[in-house]
Amino acid sequence: MSGEFRQYADRFAAVAMANVTRAYPNAPAHLLRGPEDLVPPHTHHPAFYGSYDWHSAVHMHWLLVRLLLRCPDRVPAAAITEVLDRHLTPGALIAEADYLRANPSFERPYGWTWLLALTAECRALGGVAGERWAAALEPAADAVEQLLRGWLPRATYPVRHGTHANSAFALGLVLDSAPAAGRGALAEAAAKAVLGWFADDHDAPVHWEPSGQDFLSPALSEAEAVCRVLPRAEFGHWLTGFLPGLEPSDPGPASGTESGPGRRASAALLTPPVVSDPADPQIGHLIGLSLSRAAALRRLSAALPPGDPRVPVLTAAARDHLAAGLPHTASGDFTGDHWLATFAALALDGPPGHGAVD
């Protein structure tokens, strides 16, 4: 799918460039301790003040670096570099690191892990610019590592719903990004947490999905996290217990297809969600659900042993979800344009800190 990513590169670049430099509208997740905190977004966040909210600003910066890494010939590389040079400066990122430490629950864990992904992507880009941005990001990445190491031992239970606080998605980003960001020990801590939370899970309640404002699938996010830490054969066995009914339908004596509860539940999980109003900020999350599911389904199919009958099922469902979500990624409506292209990139071109996943 990486060839499709190249086809969308110019429009993704335009959307991301517009977003990271756009301060308003803005939804700050900032606790007002007094009137002195009523300041413009740029005051607290000199690097990540745009894109409506902090986490979207961080992952739209990630998208710009990914575009420079994967297809610099298809995007305005000089203009992107100029914007990143203005934002990813040592002074701005020290200020961001200081803010994270002073507000230790801010953007936990979603925004934290996207900052780690951005650091990994800059290191993967390399060259003079990539090394410059990666070095500038180090204080903020240090703050994220410190915060994650402090939080994980206290997180007795994972958060399983399908929005920003989802624990599995965040730790998946850590597992993808920490080694590439030079923080292999953090990946080990994340893997330990994934196994502690999820190794014994079975019979996921996928008939509850999707919820009305999900942009992540609780079940697929968990499975995708687990597939990063279990050996291939062991993961295939775990997935059988966690998501039964993913195998191709077998002929049934009466209806023509096997239609047990596992099959009906998995069918709902493998079908793109209905999005009744893409411009509604919460209902529109379901567009992102199509894209994040596409990325997860694609990875799960690659994580199973060769010849596993679930592979073609997952691969087909990934393409269906991608086809449902892609048309909305650069619609001209800021409601979706401030974030959806990042999730399209994950679906088309692979995880943070890596090249394309075929």
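**Salt bridges in the predicted model**

I'll start with a network: E138, D142, E145, R149 and R183 are linked by salt bridges. Keep in mind that this is a predicted model. With a cut-off of 4 Å between a side-chain nitrogen of Lys or Arg and a carboxyl oxygen of Asp or Glu, the count is 18 salt bridges.

The side chains of R6 and D73 form a salt bridge, with 2.8 Å from N to O. R6 sits in helix α1, residues 2-20, and D73 in the loop between α3 (54-70) and α4 (77-87), so this contact ties together parts that are 67 residues apart in sequence. How accessible are the two partners? D73 is exposed, at 57% relative accessible area. R6 is partly exposed, at 28%.

Next, R66 and D349. Their closest N and O atoms are 2.9 Å apart, in a salt bridge. R66 belongs to helix α3 and D349 to helix α16, residues 340-349, so the pair joins parts that are 283 residues apart in sequence. Are R66 and D349 buried or exposed? Both are buried.

The last pair is R299 with E224, a side-chain salt bridge at 3.0 Å, N to O. Here R299 is in helix α13, residues 285-303, and E224 is in helix α10, residues 218-227, so the bridge ties together parts that are 75 residues apart in sequence. R299 and E224 are both buried as well.

To recap on burial: R66 and D349 are buried, R299 and E224 are buried, whereas D73 is exposed and R6 is partly exposed.

Conventions
Residues numbered from 1 in each chain as written. Predicted model: local features only at pLDDT ≥ 70, side-chain atom pairs only at ≥ 80, totals over all residues. Heavy atoms only, no water. Helix = DSSP H or I, 4+ residues; strand = E, 2+ residues; numbered from the N terminus. Buried < 20%, exposed > 50% of the residue type's maximum accessible area, 1.4 Å probe, protein only.
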